[in-house]
Amino acid sequence: MFDVLSGGILGSVFGGIFRMAPEVLKFFDKKNERQHELLMFSRQCELETLRGQQKLAEIGAQREAAIDVGVMDAFQSAIEQQATMVKAAGGWAASLSASVRPVVTYWVLFVWSFIHVWFAWNAWLAGALPIEVFKTMMTPDFSALLAGTINFWFLDRTLAKRGL
């Protein structure tokens, strides 16, 4: 009788455990599923934030490009108006107008170069190493002035000849 009772009780206990096991597994599975969904939602939010930042940067770049185009159009228009006025004045006015930019360019480069050479010479006489003197001379401002001048006189003319 004890075997029947113990078998019945054990059978009931094991039967109850085996009936509850799928429910327990579903509970843990749902918990993991919710964590996964939360993680995916968080990642989706990060992705949307990055997309928004990229779109804002794109809009900013387009705005800057439009401003640059407007500035270049205004610059071109001013040059064309000046050329029209000089042609209308004729003779010596045209020659004087044509000489302004080269003379100003030579003057600025001469003054800036003279100052650089003078400072470099004094630094060298004071005992500075030649490489340090060169680094002192090649400041970002001087490099920009030199690059701008070369671009204006050579690159701008080349592009203008090609119609660009």
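View 1. Val13 lies in helix H1 (residues 2-89); helices are DSSP runs of H or I with at least four residues, numbered from the N terminus. The model is predicted: local features need pLDDT of at least 70, side-chain atom pairs count only at pLDDT 80 or more, and totals for chains, interfaces and linings use all residues. Residues are numbered from 1 along each chain as its sequence is written, and side-chain values use heavy atoms, with hydrogens and water left out. With a relative accessible area of 44%, Val13 is partly exposed, a class between buried (under 20%) and exposed (over 50%; 1.4 Å probe, protein chains only). Ile9, Val13, Phe14, Ile17 and Phe18 make a nonpolar surface patch of about 520 Å². Such patches join nonpolar side chains within 5 Å, from residues with over 30% relative accessible area and no salt bridge.

**View 2. The salt bridges.** The structure holds two salt bridges, each a side-chain nitrogen of Lys or Arg within 4 Å of a carboxyl oxygen of Asp or Glu. Arg51 pairs with Glu48 at 3.0 Å, N to O; these residues are three apart in helix H1, about one helical turn. Lys55 pairs with Glu58, their closest N and O atoms being 3.7 Å apart.

**View 3. Helix H2 and its bend.** At Val100, H2 bends by about 35 degrees, and Pro102 follows within four residues; the bend is the angle between axes fitted to the seven residues ending there and the seven starting there. The buried residues of H2 are Ala93, Thr105, His116 and Ala120. Gly127, which follows H2, has a positive phi near 105 degrees.

Technical notes:
Helices (H or I, at least four residues) and strands (E, at least two) are DSSP runs, numbered from the N terminus. Patches are made of residues with over 30% relative accessible area and no salt bridge: like charges are joined within 9 Å, nonpolar side chains (Val, Leu, Ile, Met, Phe, Trp, Tyr) within 5 Å. Accessible areas come from the Shrake-Rupley method with a 1.4 Å probe; for residues, only the protein chains shown count as cover.
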